[in-house]
Structures are given as structure tokens and as C-alpha cells.
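Q: Hi! Could you walk me through this structure, starting with the words I'll need?

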Amino acid sequence: MYRKMLSIRKFEKTASTFFAEGKIPGFVHLYIGEEAIAVGACANLRDDDYITSTHRGHGHIVAKGGNLKYMMAELFGKETGYCKGKGGSMHIADAELGILGANGIVGAGHLIATGAAWSAHYRGSDQVSVCFFGDASTNQSTFHEAMNLASLWKLPVIFICENNLYGISVSQARHQTIKDIAKRAEGYCMPSLTADGNDVVTVYEHVQEAVQRARDGEGPTLLEFKTYRQHGHFEGDPGAYRPKEEVEAWLLKDPIPRFEDYLMEHKLMTADELKQIEDEVDGEIQEALDFAFASDYPALESSVQGIYSDIVEEARSR
């Protein structure tokens, strides 16, 4: 889990640097500060389990086992990227790892994850589906539709709210009267809780319980993890709407130093071992960068390829 958290942090810092230099096209939304949630959750999942992501999705993909080289190439718009350079930062997917991607529509992941859970239920599989989403997306009708259906049919889906306290530049207090989003589960007779999203061990334990419930056919769970994004909503957003004192207070709760302290206090790892992992991760990030730089941009004719599924393409050719 420490390696995964560090991989996310260093991947995101690299993306921030090259985006600022104008070498990464489109928008970039970073996961820095929220690493404990994706890692703690995905540590409980198998490769064949499903996840849906958000605009801030790099962390989910790394935590689920995504290939750093393909991810980096996708950010740079290269043909060797996960989506051949067409998805960019916000739309990376890997069906083989159950990563169903993000979506340009806020809240779309709620229904996609519920659909994936219904598929597992219909097939008699013990696969589970995890839906990552932000606090503001719970104001969308998709959230309530998904919660209602998942509860009604006892689907194996875990709804994970990454509550970073802001919907773009609007604080939660200004777009919701409810303080703890987990309480919204009461309307759907669904178990739920609110917990510290910057403590990876806490996240792991709560998601472990929810995943087991889902695999045992006991239905969905809503988990709300309070956290904080250390950068603006997107790269280039100065975040002037956030009080300086608030930012400084949350920086003291950074999930990576907290986990380092935990590992050393419990004598699970030494400072030298932590440094060795950091050096290895640095090497992996550099390899991913080298791969992206060495890759070609997509050919013009590829812009119309891969748009339809094979089934549709076969139908069009007949």
C-alpha cells in the first residue's frame, strides 16, 4: 500500500510539472492528498472486480494496478497510451483490470458501477463493483437512482464518497445542508459510515468489511471518507477560495507521512526500507516518462478508429 500511495503521489507531481510546461494537452485534475482512499479501497479488490472513476482518476487507476507507462503515454496523447492517446487525463480505462474509466458527465459513474454490479449479480459471480465519486456529485439524480436500485436488488456495489469538501470552488456547506453524506444512505436502508479518508489503514478496514458483505450477497454499502485535495480543482486553479488556515491544517494530515509514521511506529518498516521503495518508485516513474517521450503521436487516420465496438462495426459492414 505504501508503494502504491507513493506511486500515485510521484505520478501526479510529474504530471503537474509537465502540464505546467505545456507538454500535456487538455485538462489535468490531480489526486494529490487523497491517495489513502484509492489505495486502501483497491487493496481489497481482485483484478476482475470493477471500479468507476472521476475527473481525479489517476489515483484509482494506479491503485487498481494500472500500467504507469500506458498511463503516462495517454496523458501525453501518445498512441501507446491506454486509449491510444484519445482519452487523455480524464478518460483512462482498462477493461482487463475492471477499470471502467471516468466520464465527462459528473455522477455518471454511479450508474455505470451499479450496472457492472448488476452484471455480476445476474451472472452469479462474486465480483464486486466500487464507485468512487466526489461530494458534489451526490446532488445529482444519478446518485439517488443508483442507490435506490442497488439497495432494492441488493447489488454488490460499494459507493465510496471521496469528500474533499469542495465541488470545484464551492464548499460543501454552500451546496448541501447535510454535513455527513453517509447519512443519505438511511433513505435507502443501506449501511453506511463516515471515516478519516487520510488514514489508509482505516480506509482498508472499512472497505474490507463492505467488500465481504457484497461478495456474500448482502448488498451495497455507502462509505464516506473525509479528505482534502492539496492542489486546485484542476491544474491552473489557484484555489484562492480556500482559506489559508484550512489548507495548512489539512497539509498536516497528509496521508503519506502519516502512513510512514505508522509503519515505523509499528516496526513494520525501517526508514531505510521506506527510502528504498521511494528510489524504486522514482525509477518506475522515469521509465514511464521515457516510454511516453519515445512513443509516437497517433496517425491522423486513427481518429476514426476504435470509435465503435466490434459488434457495431460488424453490423455496419454487412
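A: Happy to. Buried means under 20% relative accessible area, exposed means over 50%, and partly exposed is in between, with a 1.4 Å probe and protein chains only. This is a predicted model, where local features need pLDDT of at least 70, side-chain atom pairs count only at pLDDT 80 or more, and totals for chains, interfaces and linings use all residues. Residues are numbered from 1 along each chain as its sequence is written, and side-chain values use heavy atoms, with hydrogens and water left out.

Q: Thanks! Is Arg-46 buried, exposed or partly exposed?
A: Arg-46 is partly exposed, because its relative accessibility is 30%. Its side chain meets that of Asp-48 in a salt bridge of 2.9 Å, N to O; the term means a side-chain nitrogen of Lys or Arg within 4 Å of a carboxyl oxygen of Asp or Glu. Asp-48 also counts as partly exposed, at 35%.

Q: How many salt bridges does the structure hold?
A: It holds 15. Some share partners, and in this way Arg-3, Glu-280 and Glu-284 are joined into one network.

Q: What does Arg-9 pair with?
A: Arg-9 forms a salt bridge with Glu-35, at 2.6 Å from N to O. Arg-9 is in helix α1 and Glu-35 in helix α2, so the pair ties together parts that are 26 residues apart in sequence. Helices here are DSSP runs (H or I, at least four residues), strands are E runs of at least two, and both are numbered from the N terminus.

Q: And are those two buried or exposed?
A: Arg-9 is buried, at a relative accessible area of 10%, and Glu-35 is buried too, at 0%.

Q: Which residue does Lys-10 bridge to?
A: To Glu-278, with the closest N and O atoms 3.2 Å apart. Glu-278 belongs to helix α11 (residues 271–294) and Lys-10 to helix α1, so this pair links parts that are 268 residues apart in sequence. Lys-10 counts as buried at 18%, while Glu-278 is partly exposed at 27%.

Q: New topic: the inside. Which residues touch the most other members of the largest nonpolar core?
A: Ile-158 and Ile-160 do, in a core of 60 residues. Such a core is a set of buried Ala, Val, Leu, Ile, Met, Phe, Trp, Tyr and Cys residues joined through side-chain atoms within 4.5 Å. Helix α1 (residues 2–20) gives the largest share of this core, 8 residues. Apart from it lies another core of 17 residues, including Phe-159 and Met-190.

Q: What is Ile-160 in contact with?
A: Leaving aside neighbours within four places in sequence, the contacts of Ile-160 include Ile-37, Ala-41, Val-130, Phe-132 and Leu-223. Contact means heavy atoms within 4.5 Å.

Q: Where is Leu-30 found?
A: Leu-30 sits in the loop between α1 and α2 (35–42). Leu-30 counts as buried because its relative accessibility is 2%. Not counting residues up to four places away in sequence, Leu-30 touches Glu-12, Arg-56 and His-231, among others. His-233 is 203 residues from Leu-30 along the chain, yet their C-alpha atoms are separated by 7.8 Å.

Q: Let's go outside. Which residues form the nonpolar patch on the surface?
A: Trp-118, Tyr-122, Leu-149, Leu-152 and Trp-153, with about 570 Å² of accessible area together. Patches are made of residues with over 30% relative accessible area and no salt bridge: like charges are joined within 9 Å, and nonpolar side chains (Val, Leu, Ile, Met, Phe, Trp, Tyr) within 5 Å. The areas come from the Shrake-Rupley method with a 1.4 Å probe, and for residues only the protein chains shown count as cover.

Q: Which helices supply that patch?
A: α5 (108–123) and α6 (141–152) each supply at least two of its residues. Tyr-122 has its place in α5 and counts as exposed at 62% relative accessibility.

Q: Last one: what does UniProt list for residues 3–298?
A: The unreviewed UniProt entry lists them as "domain: Dehydrogenase E1 component". UniProt positions follow the numbering used here, feature names are shortened, and annotations may be inferred rather than shown by experiment.
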